[in-house]
Amino acid sequence: MGAGKTTVGRALAKKLNMHFVDSDHEVERRTGVTIPVIFEIEGEASFRQREAEVIRDLTAQNGIVLATGGGAVLDPQNRQLLHSRGTVIYLRASVAHILQRTSHDKNRPLLRTENPRKVLEELTRLRDPLYQEIAHFIIETGRPNLSQLLQTILVKLARPILSASRLSIPMNSQQQTISHLINVQLAERSYPICIAPDALAQVAGYVQSRRCMIVTNTTVAPLYLEQVSLALQAAGKQVEQLILPDGESYKTLDTLSLIFNALLENRCERNTTLVALGGGVIGDITGFAAASYMRGVPFVQIPTTLLSQVDSSVGGKTGVNHALGKNMIGAFYQPRAVVSDTRTLASLPARELSAGLAEVIKYGAIIDMEFFAWLEQNCASIRNLDQAALAYAIGRSCEIKAEIVRLDERESGLRAILNFGHTFAHAIESAMGYGVWLHGEAVGCGMVMAADLSQRLGYISLADKARISALVAAAGLPVMAPPIGTSTWLDWMQVDKKNEHGQIKFILLNGMGRAVIETVPQHLLLETLQACSAT
């Protein structure tokens with residue numbers, strides 16, 4: 001009662017392309033009178049009988065989202081039918097929140113009393129155990145908005161959220177699509193992702209302002225800074241340059257200040273576009289600078305590593321590391337465009353290319369098994385820099401991430417599944433020191449560990465776990481974690497951003513291609529840490 005079942009149910013039905021039915025409304029439709037009138041003339045017992053008939057009929061149907069009345073669980077037959085014929089989601093709200101939502105609702109006969117709080121407290125005492133008895137999932141409604149609630153439910157249901165890829169899969173030498181244009185749909189903040197072997201030459205078309213500052217690092221600058229600068233200058237842009245030191249260890253507030261210093265020293269105004277030319281570190285720190293300088297200036301991502309092209313450049317996560325946690329300081333701030341030149345990957349060391357493959361594998365494992373199977377067959381082609389295979393791997397990864405970002409831009413629920421393997425990975429990076437293991441190496445190993453934990457929970461088979469481990473290994477990534485010690489593992493996991501109420505949250509697989517977010521029994525976690533760590 002008053003937990004938002006009708007509002008949430010109607011929105012959920014729309015998301016799932018199902019028909020929505022409210023059992024109270026169906027009772028009123030069949031009788032032709034309102035529920036308060038039924039209570040007044042026939043009494044509650046008669047209403048409950050009519051309600052039971054409606055639930056019996058509706059639970060026999062397919063393709064519907066059903067919102068029941070709060071008292072439907074009082075009938076044992078209702079409870080049996082609801083639990084056995086469908087997936088029951090209990091939207092649990094506090095008495096205070098229910099009172100707030102129902103204070104002006106005259107259509108609730110049980111609350112027509114001088115002391116509705118007392119009535120609600122008694123109803124909660126009686127009904128809560130019954131709700132818990134039949135619920136497959138319990139969702140706390142509290143303060144989250146409708147979008148957050150929907151994303152949480154979709155994750156719990158492990159529903160497919162993506163349509164089939166619009167990209168052509170390279171099947172043979174005759175199919176050589178090497179360029180793709182993908183759009184991230186975020187209303188007025190939508191932006192394009194250009195994937196092409198000549199994308200650097202196109203960059204000026206994605207920088208709208210007259211003035212820009214290219215932020216890059218000591219590794220990338222000798223390779224591409226002049227080319228990008230000349231392309232922008234040829235289009236009439238005034239170009240400033242800033243070259244930062246390279247490496248994860250420089251993803252700090254001190255380095256961020258170097259960008260602010262350069263912007264202020266060059267008297268850059270609010271219409272100056274920051275251009276991030278480099279890998280994930282440059283993209284993250286430049287994006288954070290763009291989000292912060294003058295409270296927000298435009299920026300464009302030009303990712304030059306596979307990891308940044310498929311992951312960090314898309315979705316608007318920006319930030320820096322802190323000594324006490326990775327990516328703990330930052331902002332959600334979307335770029336104006338992402339320009340990914342696949343030929344820049346030829347300059348990557350093999351180790352860096354493998355690190356990027358970890359994030360590509362992740363997308364297949366959590367959401368698209370067809371893509372995962374394609375990767376099993378084409379991993380070697382990607383590592384050999386086959387342009388068609390690279391374009392498809394990057395394009396499909398960006399398609400998947402773009403859709404997830406569209407549904408959950410600020411990681412209120414669904415987007416968290418993109419952190420598959422990352423709880424373990426961040427602990428490895430933090431314990432070893434940033435940069436000792438590349439981020440992608442840690443993610444690859446973390447996915448193997450998350451698969452091991454999923455298998456121990458009975459969610460996937462030993463064969464499924466072996467497939468993930470084999471693909472990670474085929475990508476040239478480690479499958480055994482360093483021996484950092486159980487207490488160190490647990491200490492670093494406790495500061496993960498996904499945690500709630502002091503509990504460690506893991507992204508796991510409840511079947512291949514179906515990610516879930518859960519806490520796990522401590523003894524199983526310890527078994528995984530021991531089994532997957534080098535001695």
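I take buried as under 20% relative accessible area, exposed as over 50%, and partly exposed as in between (1.4 Å probe, protein chains only). Helices (H or I, at least four residues) and strands (E, at least two) are DSSP runs, numbered from the N terminus.

**Basis.** The model is predicted: local features need pLDDT of at least 70 and side-chain atom pairs count only at pLDDT 80 or more, while totals for chains, interfaces and linings use all residues. Residues are numbered from 1 along each chain as its sequence is written, and side-chain values use heavy atoms, with hydrogens and water left out.

**Aromatic pairs.** I searched the whole structure and found eight aromatic pairs. Rings of Phe, Tyr and Trp (its six-membered ring) pair if their centres lie within 6.5 Å; planes under 30 degrees apart count as stacked, over 60 as edge-to-face and the rest as tilted. Tyr-90 and Tyr-131 form a tilted pair, 4.7 Å centre to centre with 45° between the planes. Because Tyr-90 lies in strand β3 (residues 89-92) and Tyr-131 in helix α7 (residues 116-134), the pair ties together parts that are 41 residues apart in sequence. Both tyrosines, Tyr-90 and Tyr-131, are buried.

I then examined Trp-374 and Tyr-392: their ring centres are 4.8 Å apart and their planes are at 70°, so the pair is edge-to-face. Trp-374 belongs to helix α14 (residues 369-383) and Tyr-392 to helix α15, 18 residues apart. Trp-374 is buried at a relative accessible area of 9%, and Tyr-392 is buried at 3%. Together with Phe-371, Trp-374 and Tyr-392 form one aromatic cluster.

**Helix α17.** I checked the span of helix α17 (residues 439-456): its 18 residues reach 25 Å from first C-alpha to last, close to the 26 Å expected at 1.5 Å a residue. The expected span is 1.5 Å times one less than the number of residues. Of the 18 residues in α17, 16 are buried. Gly-458 follows α17 and has a positive phi, near 85°.

**Exposed isoleucine.** I recorded that Ile-41 is in helix α3 (residues 35-41). Ile-41 counts as exposed because its relative accessibility is 65%.
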